[in-house]
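Please walk me through this structure, one part at a time.

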Amino acid sequence: MYGELGNKLVQHGKRTQNLPNLPPYQTELVRSVVREVRELNREVNTILEPFSGSFNPSQEPATACQLLVNHLSMRRNKRCLLAYHRVRTDKLEEMCWNGVDVLGTEPGPEGAERDPAVGEGSISNLSPEEEEYVRLYGDLLAAYKGQWTDIDLTGSLEPPKDLFIDVRVLKDAGEIQTEYGAITLTKNSQFYVRQGDVERLIQQGYLQKLG
Amino acid sequence: MDIDDILASVSGPRIPQRTLDLQALTRAWVAERTAPELLPYPAELVDRVMDRVRKQIETVEEMTGNMDPKSNFSLIVIQTELERFKFLVRSFLRARIAKIDKYPHHYTNLSKSSDPDSAQTLLSPTESQYLTHHIALLSHHYNTSFLASFPAQLQRLDDTAGGISMVDTPDSESAVFCRVLRDCGEVDIWGEDGRAKVDLRRGDVWVLRWSAVKERVVGGDVELI
């Protein structure tokens with residue numbers, strides 16, 4: 001009661017900030033915090049009922065204090081809930097920007113095998129609402145990106161030093177087309193390629209940049 | 001504008017527009033990354049740069065088509081330059097989006113409250129589209145997750161009751177490093193020991209509060225570093 005659960009939620013959120021992936025959504029905890037808010041609100045209403053709108057705080061300091069504590073707890077719980085959800089959505093947005101396949105729906109590049117453990121692991125960690133959010137945010141991002149096709153907004157934020165880089169292939173990624181012809185990316189081979197051609201594959205973890 | 005500026009504009013060597021644009025873009029990029037607040041969107045500059053990027057991409061495509069061994073070297077130079085330009089614009093836009101995402105309600109209020117002219121210069125049309133859409137998504141998400149089952153008086157996202165505004169705003173009192181490009185008078189500064197004035201002279205480097213130099217940065221008299 002009185003914000004104890006909200007505190008737990010915030011601790012979860014705090015922990016989430018430093019984790020590489022998203023921990024499971026605390027459905028139970030969120031539900032109990034919401035329940036607490038509703039109980040507090042009901043209590044406030046029952047306290048105020050006998051006064052029928054003519055409540056004077058200076059005459060009833062004890063009741064006023066109780067009301068204040070209830071109000072503050074409700075507000076605090078709301079903030080905790082908002083903070084918890086915001087941390088998670090921020091995390092999800094970051095994943096969207098980094099091209100991480102959060103929902104596990106997009107098929108990978110041709111000829112590549114998907115890692116089923118990763119996809120299923122992340123999908124069960126989201127609440128249904130969050131899945132919906134990711135889908136819609138993905139659309140929004142795609143729409144915004146579509147205005148800047150020449151730039152590739154989700155590209156690397158490291159300043160480019162060289163046009164060409166050495167990469168090692170970590171997972172089979174099939175054949176890619178470059179302006180110097182097609183390259184077949186087979187596992188454990190090494191190539192000297194144009195950075196712009198393989199940016200996506202590096203982000204998706206098929207290739208590793210060397211040096 | 002003083003006599004030095006006039007002399008410089010008459011006698012100085014003509015700098016081509018694209019060099020100036022590169023300089024302006026780099027400056028805008030650095031400023032956007034260091035300023036705590038969103039800066040006005042340089043629509044014309046970005047348009048010009050994007051035009052040039054598009055032209056260069058075409059040039060590159062043509063030159064690759066030729067497969068002339070002699071042009072290979074210049075091709076690499078052009079492509080490298082192109083990648084760098086792309087990086088600048090990308091990083092610039094991403095820095096802006098990051099700020100918009102951080103304080104979405106603050107910027108919606110700003111673009112709503114101010115007159116249409118200034119709202120347009122703060123955000124590009126696509127950015128304000130993104131902002132509105134993003135806010136709608138966020139509030140929908142909060143609503144379906146928990147807010148809908150809250151008592152009605154607690155459902156708002158921009159409450160100011162209890163003396164605390166729910167709308168988070170950027171901290172305009174945070175310090176920024178800046179270099180003075182043109183003499184531009186004095187600014188007020190204040191600290192624990194009271195107030196003082198700082199005379200901004202060309203070439204000086206200062207650490208000042210953002211609120212003190214904001215207007216001068218927007219006006220181009222001071223650059224952030």
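## A helix across the sheet

Helix α8 (residues 210-219) of chain B lies across β1, β4 and β5 of chain B. Its direction runs at about 115 degrees to β4(B). Such angles go from 0 to 180 degrees between N-to-C directions, and the axes are lines fitted to C-alpha atoms, for helices over the stretch in contact. Helices (H or I, at least four residues) and strands (E, at least two) are DSSP runs, numbered from the N terminus.

The model is predicted: local features need pLDDT of at least 70, side-chain atom pairs count only at pLDDT 80 or more, and totals for chains, interfaces and linings use all residues. Residues are numbered from 1 along each chain as its sequence is written, while chains are lettered from A and ligands numbered from 1 in the order in which they are written.

## The sheet

Which order do the strands of the open sheet take? The order is β4-β1-β5 in chain B, with antiparallel pairing. Two strands count as paired if DSSP finds at least two bridges between them. Strands of a sheet pair through backbone hydrogen bonds. β4 (205-209) and β5 (222-224) of chain B stand at the edges, each with a single partner strand, so one side of each has no neighbour in the sheet. From one strand to the next, the twist averages 45 degrees.

Five bridges link β1(B) and β4(B). One partner pair there is Cys178(B) with Trp206(B). Strand β1 (residues 175-180) of chain B is joined to β5(B) by three bridges. Arg179(B) has Glu223(B) as its bridge partner, and Val180(B) stands opposite Val222(B). Helix α2 (residues 17-34) of chain B also packs on the sheet, where it touches β1 and β5 of chain B. The direction of α2(B) makes about 65 degrees with that of β5(B).

## Two faces of one strand

In a regular strand the side chains alternate between the two faces of the sheet. In β1(B), the covered face holds Val176(B), Cys178(B) and Val180(B). Ala175(B), Phe177(B) and Arg179(B) make up the uncovered face.

## The nonpolar cores

A nonpolar core is a set of buried Ala, Val, Leu, Ile, Met, Phe, Trp, Tyr and Cys residues joined through C-beta atoms within 7 Å. A residue is buried if 20 or more other C-beta atoms, placed from the backbone, lie within 10 Å of its own. In chain B, 20% of the 225 residues count as buried.

The largest core has 20 residues. Those with the most contacts inside it are Val89(B), Phe92(B), Val176(B), Cys178(B), Val213(B), Val217(B) and Val222(B). The elements α2, α4, β1 and α8 of chain B each give two or more residues to this core. The largest share, six residues, comes from α4(B). Apart from this core lies another, of 16 residues, among them Val33(A), Val34(A), Leu138(B) and Tyr142(B).

## Where the chains meet

Two residues are in contact if their C-beta atoms, placed from the backbone, lie within 7 Å. How many residues does each chain bring to the contact? Chain B brings 34 residues and chain A brings 33 residues. On the side of chain B, α3 (43-66), α4 (71-102) and α7 (125-145) each supply at least two residues. The largest share, 13 residues, comes from α4(B).

The residues on this side of chain B are 15 nonpolar, twelve polar and seven charged. Here Ala, Val, Leu, Ile, Met, Phe, Trp, Tyr, Cys and Pro count as nonpolar, Asp, Glu, Lys and Arg as charged, and the others, Gly among them, as polar.

Note on methods:
A residue is buried if 20 or more other C-beta atoms lie within 10 Å of its own, exposed if 12 or fewer, and partly exposed in between; C-beta atoms are placed from the backbone.
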